[in-house]
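Student: Please take a close look at one part of this model, its helices and the aromatic rings around them. Which details can be read from the coordinates?

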Amino acid sequence: MRRIMGGVGSLLACGIFGGVVSGIFGGIAPATAHAAGDEVTVTAFVDSRPVGPDDLVLDPSGSVKIAVTVHNGTDTACHVKTIRLAGTALALTFFSYDTTVPFTVPAKQSATKAFFLDLGQLGTQATGLLPTDIEVLDAEREVVASIGATGDVRGSPWSVYGVFGLAVFVLTVLAWAGALWALARRRLPANRWQRAMQFLPAGIGTGLVAVISLSVLRVVAPSPAAEVPFILGAAAAAFLLGYLTPNAAEPPPVDPEATQRFTRPLPGGAA
């Protein structure tokens, strides 16, 4: 049992660090505006609403009209091939829509592309608040420019993102069960640092569960500013708990007066 729980904790830790250390848009409108600066930037509208600091509502029950304007402030023409709408959380991409819309933006000018995007499959991919980016890619699929927003995805709780959160919750419960079971049976390592490391995966999992839950409940979208305090705080609390737990069971002290000495006759009658 202890080995199984320990393996679950290690699996959770590896998955967390592997994942964490691990954030659209028909014809080309004529160039009408000159881009400022010496870089390529992008602005976007979804159903006539600007993409920016406000939440971007993405409803899988229908399609949305996406218009993207690319501002080319460089001295060379910008060749766009693909426009991407993607949502990420915890360094993982949970939905991505690529639309091929090749067009060229002359130097120091701007061009706009607009089209309808069907979001019918989005309901099975994500739900809640997720960081969402609209990216402009060139022929080599390199990102030329992008704009970010907080996507309010009206998907199913049983979407990929929802099931991912449930899986993290189950693994976290198992990690806590393994650590507390070893504590109850006084089977924790004698070294305090080793005991602390045994509790650490459960703490990290607790922080992840908090981040995903707040996202699914549409309270706070996952972002470094939201992820770091929850994950590091929960990890530190679990680490400290493991460090302060009592040591493994020691044998009870032996009372010298309660012991008896038995002598055994030696061969030949000697005492």
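Tutor: Asn191 caps the N-terminal end of α3, with a side-chain oxygen 2.8 Å from the backbone nitrogen of Trp193. Such a polar contact is a pair of N or O atoms within 3.5 Å; within protein, one must be able to donate a hydrogen and the other to accept it, and residues adjacent in sequence count only if both atoms are side-chain atoms. The model is predicted, so local features need pLDDT of at least 70 and side-chain atom pairs count only at pLDDT 80 or more, while totals for chains, interfaces and linings use all residues. Residues are numbered from 1 along each chain as its sequence is written, and side-chain values use heavy atoms, with hydrogens and water left out.

Helix α3 covers residues 192–216; helices (H or I, at least four residues) and strands (E, at least two) are DSSP runs numbered from the N terminus. The 25 residues of α3 reach 37 Å from first C-alpha to last, close to the expected 36 Å, where the expected span is 1.5 Å times one less than the number of residues. α3 has a kink of about 30° at Phe199, shortly before the proline Pro201; the bend at a residue is the angle between axes fitted to the seven residues ending there and the seven starting there. Just after α3, Arg218 takes a positive phi of about 60°.

Helix α2 also has 25 residues, and reaches 36 Å, close to the 36 Å expected. Just after α2, Arg186 has a positive phi of about 55°. The buried residues of α2 include Tyr161, Gly165, Val168 and Ala179; buried means under 20% relative accessible area, exposed over 50%, partly exposed in between (1.4 Å probe, protein chains only).

The whole structure holds six aromatic pairs: rings of Phe, Tyr and Trp (its six-membered ring) pair if their centres lie within 6.5 Å, with planes under 30 degrees apart stacked, over 60 edge-to-face and the rest tilted. Phe94 and Tyr161 have ring centres 4.8 Å apart and planes at 70°, so this pair is edge-to-face. The pair links distant parts of the chain, 67 residues apart: Phe94 lies in strand β7 (residues 92–105) and Tyr161 in helix α2 (residues 160–184). Both Phe94 and Tyr161 are buried. Ring pairs join Phe94, Tyr161 and Phe164 into a cluster.
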